[in-house]
Amino acid sequence: MVIKQGDPARLTYRYLRIAIVAGVLVLFVSLTMQIAADHGRLDSGEEWWHASISAYFYSPVQSIFVGTLVGIGTCLIAIKGRHGAEEVLLNFAGMFAILVALIPTPLDAAMCGDEPYCLDVPERVGNNVGTLLLVGGVVLVLATWPRRRDLGGRVGWDLWLTWLTWAATGVWLLVWPASFLESAHYTAAVLLFACLVAVAWINGSDHAVTTQALERLRGMSARAYRVWYRWIAASMAAVLVVGLATMAVLDRFLPDLFPQTLFVVETAMMLIFALFWALQTIQFWDTGLPARAQVEDVKVPGDTTP
């Protein structure tokens, strides 16, 4: 069915996609302002450009960093993907984005100095992630109950995977808190980008984008969008793999050559991510959702609405 111009569902999905792109823009504007301020404030030879975007958690960018990632994560969970893998990947990407926001990258306490942004990190992580797990557990119960019969069959694989991830995160935090603080941020970040690579590839492989011939896509043809999405998926995968490999080599053999390698990798991934969602916003401006994500209307007895 063609979505009408004023249809609230179409407008909601449009605004969710716009919010994702706007969130990336807000984060980069805040980063640019802080980098410029540090460059003008610090003396020559001092480090004015942090080694990663995540390291700006320990700076005045902290509120923007946390807020935008939590907002983007919430939007990713809210957006309905194609039935099956894409829907699950979007949900997991949203959860990982929120974890990246709430678990700061490890930083040597000696580097903090008198900065207030470095205080009580273990306590903050315990409170925030613990709250997320408790509330998330309640949400999972509510989401599982209507599908409880699926747990005994093949169609319930996504529920089992979600519960397993929830339990593994809780066990990791409670049993090995030091390891959690050291590695959970990086683990969530890599899994986040891996999910987004898979989502982009799925979009590049879908030939049934619309439900009816009357529905149209803005900007380009469906085939052109598929080509773009495949290139985006391939680019993100290449940046992720090559970037991580380069970081490992430099950290081992030339640690002082270019400390900002991770910053460049994160920046490239975020910009490609923003491009993907900008294209999604344009593509589904009129239709709201791809055909395989739409739920068929169910006629209620006595309903005379055509």
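The model is predicted. The protein chain has eight helices and zero strands. Of its 306 residues, 41% count as buried.

**Fold and surface**
- Along the sequence, the protein chain reads α-α-α-α-α-α-α-α.
- Take the contacts between residues at least 6 apart in sequence: 76% of them join residues at least 24 apart.

**Largest nonpolar core**
- The largest nonpolar core holds 67 residues. Ile20, Val129, Ile232, Met236 and Trp277 touch the most other members.
- Two or more residues of this core come from each of helix H1 (8-41), H2, H3, H4, helix H6 (177-203), helix H7 (222-253) and helix H8 (261-283).
- H6 provides the largest share of this core, 11 residues.
- Ile232 touches Ala200, Ile272, Leu275, Phe276 and Leu279, leaving aside residues up to four places away in sequence.

**Second largest pocket**
- Helix H2 (62-78), helix H3 (85-102), helix H4 (121-144) and helix H5 (157-175) each supply at least two lining residues.
- H4 gives the most to this lining, with eight residues.
- By class, the lining of the second largest pocket has 16 nonpolar, seven polar and two charged residues.

How values were computed. Residues are numbered from 1 along each chain as its sequence is written. This is a predicted model: local features need pLDDT of at least 70, side-chain atom pairs count only at pLDDT 80 or more; totals for chains, interfaces and linings use all residues. Side-chain values use heavy atoms; hydrogens and water are left out. Helices (H or I, at least four residues) and strands (E, at least two) are DSSP runs, numbered from the N terminus. Ala, Val, Leu, Ile, Met, Phe, Trp, Tyr, Cys and Pro count as nonpolar, Asp, Glu, Lys and Arg as charged, and the others, Gly among them, as polar. A nonpolar core is a set of buried Ala, Val, Leu, Ile, Met, Phe, Trp, Tyr and Cys residues joined through side-chain atoms within 4.5 Å. Buried means under 20% relative accessible area, exposed over 50%, partly exposed in between (1.4 Å probe, protein chains only). Contact means heavy atoms within 4.5 Å.
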